[in-house]
Amino acid sequence: MTKLTQRLAASLEAAARLLRRYGDDEAKVLVLGGVRSGKSRHAERLMARHPEVVYVAPGPVPDGDDPEWAARIALHQSRRPANWRTVETGDLATAVRKASRPLLIDCLGTWVTRVLGDVGAWEVKTGWELRLDERMEEFLDAWRAAHVPMVAVTNEVGMGVVPATTSGRLFRDVLGALNDRVAAEADSVQLVVAGRVLHLDERARL
């Protein structure tokens with residue numbers, strides 16, 4: 001058996017162990033919603049049955065000059081069970097690839113904001129579109145290949161008015177496209193509106 005075959009066999013066995021441990025029912029769930037819709041609370045409830053969960057916070061790191069934003073983060077932190085482990089990282093693809101226990105990502109909207117800054121989109125730096133595509137594809141590849149239960153929270157950005165700024169329209173377009181791609185690789189897509197959960201029908205996908 002070659003080294004490549006050995007690595008492949010080991011990878012397949014690891015995936016099989018994870019499937020035996022967690023099962024394959026709704027292994028990947030995308031939870032969408034507007035601001036203050038209850039989407040994060042719903043995602044947390046979905047993961048509550050697992051004894052151990054890794055909570056991934058992929059958004060920008062607070063700089064300490066925004067007390068309102070810091071208060072929002074503190075509220076989220078206070079709701080997490082003591083047996084959940086928090087990981088703060090912008091490298092979402094690596095966090096998903098290395099996951100060996102259930103993962104909750106909250107949220108893709110704040111991650112897109114961070115990535116747009118990382119790749120130089122706000123300053124329109126040369127090559128930012130290519131760097132953005134690479135970051136998006138890396139995450140999507142990891143999401144598609146994951147073998148542990150995962151819930152990703154995201155903002156539904158397609159129902160409001162057209163943003164008045166170029167940066168606002170860029171954010172809306174990038175996140176809207178990402179939501180579509182993630183939903184296509186999810187076992188369940190759930191929309192939260194005013195604290196009510198709507199399960200979206202896969203058969204209606206365009």
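Helices (H or I, at least four residues) and strands (E, at least two) are DSSP runs, numbered from the N terminus. By this definition, the chain has 7 helices and 7 strands. Along the sequence they follow the pattern α-β-α-β-α-β-α-β-α-α-β-α-β-β. The model is predicted: local features need pLDDT of at least 70, side-chain atom pairs count only at pLDDT 80 or more, and totals for chains, interfaces and linings use all residues. Residues are numbered from 1 along each chain as its sequence is written, and side-chain values use heavy atoms, with hydrogens and water left out.

**Burial**

- A residue is buried under 20% relative accessible area, exposed over 50%, and partly exposed in between (1.4 Å probe, protein chains only).
- The accessible areas come from the Shrake-Rupley method with a 1.4 Å probe, and for residues only the protein chains shown count as cover.
- The chain has 206 residues, of which 38% count as buried.

**Aromatic pairs**

- Rings of Phe, Tyr and Trp (its six-membered ring) pair if their centres lie within 6.5 Å; planes under 30 degrees apart count as stacked, over 60 as edge-to-face and the rest as tilted.
- This rule gives 2 aromatic pairs.
- One of them joins tryptophan 111 and phenylalanine 139, whose ring centres are 5.4 Å apart and whose planes stand at 55 degrees, so the pair is tilted.
- Tryptophan 111 belongs to helix α5 (residues 108–118) and phenylalanine 139 to helix α6, so this pair ties together parts that are 28 residues apart in sequence.
- Tryptophan 111 and phenylalanine 139 are both buried.
- Phenylalanine 139 also forms a tilted pair with tryptophan 143, at 6.2 Å centre to centre and 45 degrees between the planes.
- Phenylalanine 139 and tryptophan 143 are separated by about one helical turn because they are 4 residues apart in helix α6.
- Phenylalanine 139 has a relative accessible area of 0% and therefore counts as buried.
- Tryptophan 143 is likewise buried, with a relative accessible area of 0%.
- Through these ring pairs, Trp111, Phe139 and Trp143 are linked into a cluster.

**Salt bridges**

- Side chains of opposite charge can pair when their charged atoms come close.
- A salt bridge is a side-chain nitrogen of Lys or Arg within 4 Å of a carboxyl oxygen of Asp or Glu.
- The whole structure contains 6 salt bridges.
- One of them is between the side chains of glutamate 137 and arginine 181, at 3.0 Å from N to O.
- Glutamate 137 is in helix α6 and arginine 181 in helix α7 (residues 166–184), so the bridge ties together parts that are 44 residues apart in sequence.
- Glutamate 137 is partly exposed at 33% relative accessibility, and arginine 181 is partly exposed at 34%.
- Aspartate 141 and arginine 144 form a salt bridge at 2.8 Å, N to O.
- Both of these residues lie in helix α6, where aspartate 141 and arginine 144 are 3 residues apart, about one turn of the helix.
- Aspartate 141 has a relative accessible area of 43% and is partly exposed; arginine 144, with 35%, is partly exposed.
- Arginine 144 also forms a salt bridge with glutamate 185, with the closest N and O atoms 3.3 Å apart.
- This pair links distant parts of the chain, since glutamate 185 is in the loop between α7 and β6 (188–193) and arginine 144 is in helix α6, 41 residues apart.
- Glutamate 185 is partly exposed, with a relative accessible area of 31%.

**Surface patches**

- Patches are made of residues with over 30% relative accessible area and no salt bridge: like charges are joined within 9 Å, and nonpolar side chains (Val, Leu, Ile, Met, Phe, Trp, Tyr) within 5 Å.
- Lys and Arg count as positive and Asp and Glu as negative, while His and the chain ends are not counted.
- The place of a charge is taken as NZ of Lys, CZ of Arg, CG of Asp or CD of Glu.
- Asp91, Glu129, Asp133, Glu134 and Glu138 form a negative surface patch.
- Within this group, glutamate 138 is found in helix α6 (residues 128–145) and is partly exposed, at 39% relative accessibility.
- A nonpolar surface patch consists of Val193, Leu198 and Leu200, which together have about 250 Å² of accessible area.
- Valine 193 lies in strand β6 and is partly exposed, with a relative accessible area of 43%.
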